[in-house]
Amino acid sequence: MLPPKDVTQLLLDYSAGDKAAIDALLPYLYSELRKLAASQLKFENPGHTLQPTALVHEAYLRLADQTRVEWRNRAHFFAIAAQVMRNILVDHARRHRAAKRGAGGKKLSLDDVDVAIGRPAEIVDLDDALKELAQFDERKARAVEMRYFGGLSIEEIGEVLGISVATVGRELRLAQAWLLRQMTSTAGA
């Protein structure tokens with residue numbers, strides 16, 4: 001396990017063109033992404049087609065394609081990874097939902113967000129609500145994305161967004177309240 005400081009330095013070295021840095025990083029990043037993917041998929045139905053290894057591999061391919069990103073630190077990397085995993089999960093859920101032709105489903109509250117990963121209609125609804133939130137408050141939407149899709153701590157989110165831990169806490173509470181209200185009102189529509 002690499003300390004966050006070493007991960008940050010290796011990411012900076014890689015961004016500066018040191019290709020050997022990625023060799024040192026890959027085992028660590030793969031392990032961390034695997035844990036994150038397993039966490040995201042723990043509530044999936046048995047026999048689900050998207051497994052943690054497949055999610056990690058897809059995320060890795062998309063992250064490797066990020067050639068113009070200058071990695072600032074470990075938290076920045078995992079913030080981008082959270083966004084990538086969110087997109088993969090939402091794409092998968094949309095395909096699954098389309099296959100069922102909108103079979104419907106119970107709407108979720110943000111308290112049930114972990115369970116939502118296993119229900120395609122609900123993850124799509126959460127993604128739609130996050131996109132709507134991002135239209136008028138990008139920072140709150142990014143904070144929720146990093147917390148729930150990326151598993152970042154409040155401290156790491158603050159580091160990525162350049163805000164205090166107290167502000168991150170406030171932003172998350174306000175975003176959760178807004179998302180809950182939005183998703184509840186959409187459920188009745």
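In which kind of crossing, left-handed or right-handed, does helix 7 pass helix 8? In this predicted model, helix 7 passes helix 8 in a right-handed crossing.

Let's stay with that pair for a moment. Two packed helices are described by the angle between their axes and the distance between the axes. For helix 7 and helix 8, the angle is about 140° and the axes are 10 Å apart. Angles over 145 degrees would count as roughly antiparallel, so helix 7 and helix 8 are called oblique to each other. Here's who makes the contact:

| Helix | Residues in the contact |
|---|---|
| Helix 7 | Arg-139, Arg-142, Ala-143, Met-146, Arg-147 |
| Helix 8 | Ile-154, Ile-157, Val-160, Leu-161 |

Sort those residues by type and you get six nonpolar, no polar and three charged.

Helix 7 also holds Val-144. With 1% relative accessibility, Val-144 counts as buried, because the cut-off is under 20%. Beyond its neighbours within four places in sequence, Val-144 touches Leu-130, Phe-149, Leu-172, Ala-175 and Leu-179. Take Leu-172: it sits 28 residues from Val-144 along the chain, yet their C-alpha atoms are separated by 6.2 Å.

Now zoom out to the largest nonpolar core, which has 52 residues. Leu-33, Leu-63, Phe-77, Phe-78 and Leu-130 have the most contacts inside it. Several helices give two or more residues to this core, including helix 7 (138-149) and helix 8 (154-161). Helix 4 supplies the largest share, 13 residues. As for Leu-63, its contacts outside the four-place neighbourhood in sequence are Leu-33, Trp-71, Phe-77, Ile-80, Ala-81 and Val-84.

Key:
Residues are numbered from 1 along each chain as its sequence is written. This is a predicted model: local features need pLDDT of at least 70, side-chain atom pairs count only at pLDDT 80 or more; totals for chains, interfaces and linings use all residues. Side-chain values use heavy atoms; hydrogens and water are left out. A nonpolar core is a set of buried Ala, Val, Leu, Ile, Met, Phe, Trp, Tyr and Cys residues joined through side-chain atoms within 4.5 Å. Buried means under 20% relative accessible area, exposed over 50%, partly exposed in between (1.4 Å probe, protein chains only). Helices (H or I, at least four residues) and strands (E, at least two) are DSSP runs, numbered from the N terminus. Contact means heavy atoms within 4.5 Å. Axes are lines fitted to C-alpha atoms, for helices over the stretch in contact, and angles run from 0 to 180 degrees between N-to-C directions. Angles under 35 degrees count as roughly parallel, over 145 as roughly antiparallel, 65 to 115 as roughly perpendicular and the rest as oblique. A crossing is left-handed if the near helix is turned anticlockwise from the far one by less than a right angle, and right-handed if clockwise. Ala, Val, Leu, Ile, Met, Phe, Trp, Tyr, Cys and Pro count as nonpolar, Asp, Glu, Lys and Arg as charged, and the others, Gly among them, as polar.
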